Amino acid sequence: MGPGAPHAGLGALVRMWPGAPGPRRYPPEVADSRPLISTAQGTNRQAFGPTEWGLLAFIAGVWGSSFLLIAIGLDAFAPGVVTFGRILFGMLGLAVVPAARVPIDREDWPTVALIGFTWMALPLSLFPIAELYVDSSVAGMINGSVPLFAALIAAFLLRTRPGRIHAMGLVIGFVGVVAISWPSLHGADASPLGVGLLLVAVVLYGLSASLAVPLQQKYGGLPVMWRVQLCALAMTAPYGLASIPASHFAWDSFAAVVVLGFLGTGWAFVAMTNLMGRAGAARGSVAIYLTPVVAILLGVVFRDETVAVLALGGMVLVLVGAWLTSRPE
């Protein structure tokens with residue numbers, strides 16, 4: 001959301017990302033002829049500025065701790081409760097901002113509902129289940145392939161292919177993610193079922209990036225993501241309620257789900273949607289590459305963990321890949 005967005009009285013939480021592209025209203029004759037996925041003409045092809053880097057840092061900081069929060073939540077709650085709870089608290093966190101309730105056109109609701117399924121309801125259900133069968137290091141490495149899938153799907157759906165430098169940055173960044181994860185992969189659990197579930201989830205993430213970009217450019221990230229979470233909440237309610245008997249209450253798990261929802265599922269998704277709306281699906285999703293860097297730093301600071309030399313090299317590659325992807329075409 002930016003200064004050009006509707007609803008001038010945005011709260012401080014929305015103004016933390018100035019300069020985001022304001023909602024674009026298409027003329028009726030154009031709106032009626034637009035396909036489900038437009039070509040995202042408002043995407044900025046220039047180098048990342050302070051706003052893009054700020055959004056990227058916020059997303060990486062929040063999502064870098066998400067795997068730990070999921071693990072804490074699973075200590076007491078079944079996967080369905082964790083999924084439903086994080087979407088619930090994410091939706092409530094956005095609902096307090098009046099700008100979230102800016103109306104959207106009726107013809108865009110099917111796309112919103114589809115994003116609710118492909119970006120939240122199904123992948124957020126798959127990740128907790130997969131982490132019962134694979135270690136978090138494996139989950140983090142597979143999750144790092146999201147920008148690659150986003151680039152491939154955007155090239156097909158949005159008819160936008162990354163330039164040579166951007167493509168090089170995406171590949172280098174993913175190699176860095178693999179290098180970061182490699183030292184912890186030896187002896188790690190990685191059942192075919194868990195890996196398969198994670199691959200389905202990351203492909204859906206890549207698809208959702210292309211679906212969300214045109215809507216963000218039309219309305220801004222906040223109104224779109226609030227409605228996406230409402231749809232996802234309805235979709236995951238049966239799964240969450242059915243999982244309650246297999247859960248028990250614990251304050252630390254509850255707190256983890258609240259934080260995971262409010263920040264990781266609420267505001268981080270809004271930030272990601274705004275970043276992708278500004279920079280494109282592939283370039284915006286490069287924030288995923290930085291999440292393992294944040295996870296490693298958190299482990300060193302708060303848990304006295306050691307870092308392998310290969311992982312340090314991977315962190316450098318991730319930063320180089322992010323920088324290359326941030327450059328103008």
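These are my notebook entries on what I looked up in this structure.

**Entry 1: ground rules.** I am reading a predicted model, in which local features need pLDDT of at least 70 and side-chain atom pairs count only at pLDDT 80 or more, while totals for chains, interfaces and linings use all residues. Residues are numbered from 1 along each chain as its sequence is written, and side-chain values use heavy atoms, with hydrogens and water left out.

**Entry 2: confidence.** I looked up the pLDDT, which is the predictor's confidence in each residue on a scale from 0 to 100. The chain has an average of 77, and 77% of the residues score at least 70. Over residues 1-42 the pLDDT stays under 50; for this stretch the model has 82 contacts beyond four places in sequence, a contact being heavy atoms within 4.5 Å.

**Entry 3: the chain as a whole.** I found 16 helices and 0 strands, where helices (H or I, at least four residues) and strands (E, at least two) are DSSP runs numbered from the N terminus. Of the 329 residues in the chain, 56% are buried, and I note the cut-offs here: buried is under 20% relative accessible area, exposed is over 50%, and partly exposed lies in between, with a 1.4 Å probe and protein chains only. Among the contacts with a separation of 6 or more, 89% are between residues 24 or more positions apart.

Entry 4: How many salt bridges does the structure hold? I count 3, taking a salt bridge as a side-chain nitrogen of Lys or Arg within 4 Å of a carboxyl oxygen of Asp or Glu. One of them joins arginine 278 to glutamate 52, with the closest N and O atoms 2.6 Å apart. This pair links distant parts of the chain, since arginine 278 sits in helix H13 (residues 251-279) and glutamate 52 in helix H3 (residues 50-63), 226 residues apart. Arginine 278 counts as buried at 11% relative accessibility, and glutamate 52 is buried with a relative accessible area of 5%. As background, I note that side chains of opposite charge can pair when their charged atoms come close.

**Entry 5: lysine 218 and its partners.** I then followed lysine 218, whose side chain meets that of aspartate 105 in a salt bridge at 2.9 Å, N to O. Lysine 218 lies in helix H11 (residues 192-219), while aspartate 105 is in the loop between helix H5 (79-95) and helix H6 (109-121), 113 residues away. A salt bridge also brings together aspartate 108 and lysine 218, at 2.8 Å, N to O; aspartate 108 is in the loop between H5 and H6, and the pair is 110 residues apart.

**Entry 6: H12 against H13.** At what angle do helix H12 (residues 221-242) and H13 pack? I find about 130°, with their axes 9 Å apart, the axes being lines fitted to C-alpha atoms, for helices over the stretch in contact, and the angles running from 0 to 180 degrees between N-to-C directions. H12 is therefore oblique to H13, because angles under 35 degrees count as roughly parallel, over 145 as roughly antiparallel, 65 to 115 as roughly perpendicular and the rest as oblique. On the H12 side the contact is made by Gly221, Leu222, Met225 and Gln229, and on the H13 side the residues include Trp267, Phe269 and Val270.

Entry 7: H5 and helix H7 (residues 123-130) pack at an angle of about 140° with axes 9 Å apart, which makes H5 oblique to H7. Their contact is made by Pro79, Thr83, Arg86 and Ile87 of H5 and Leu124, Ser125, Pro128 and Ile129 of H7. Serine 125, in helix H7, is buried with a relative accessible area of 9%; leaving aside neighbours within four places in sequence, serine 125 is in contact with Thr83, Met120, Thr236 and Tyr239. In H6 the buried residues include Thr111, Trp119 and Met120, and the buried residues of H6 pack against H5, H7, H11, H12 and H13.
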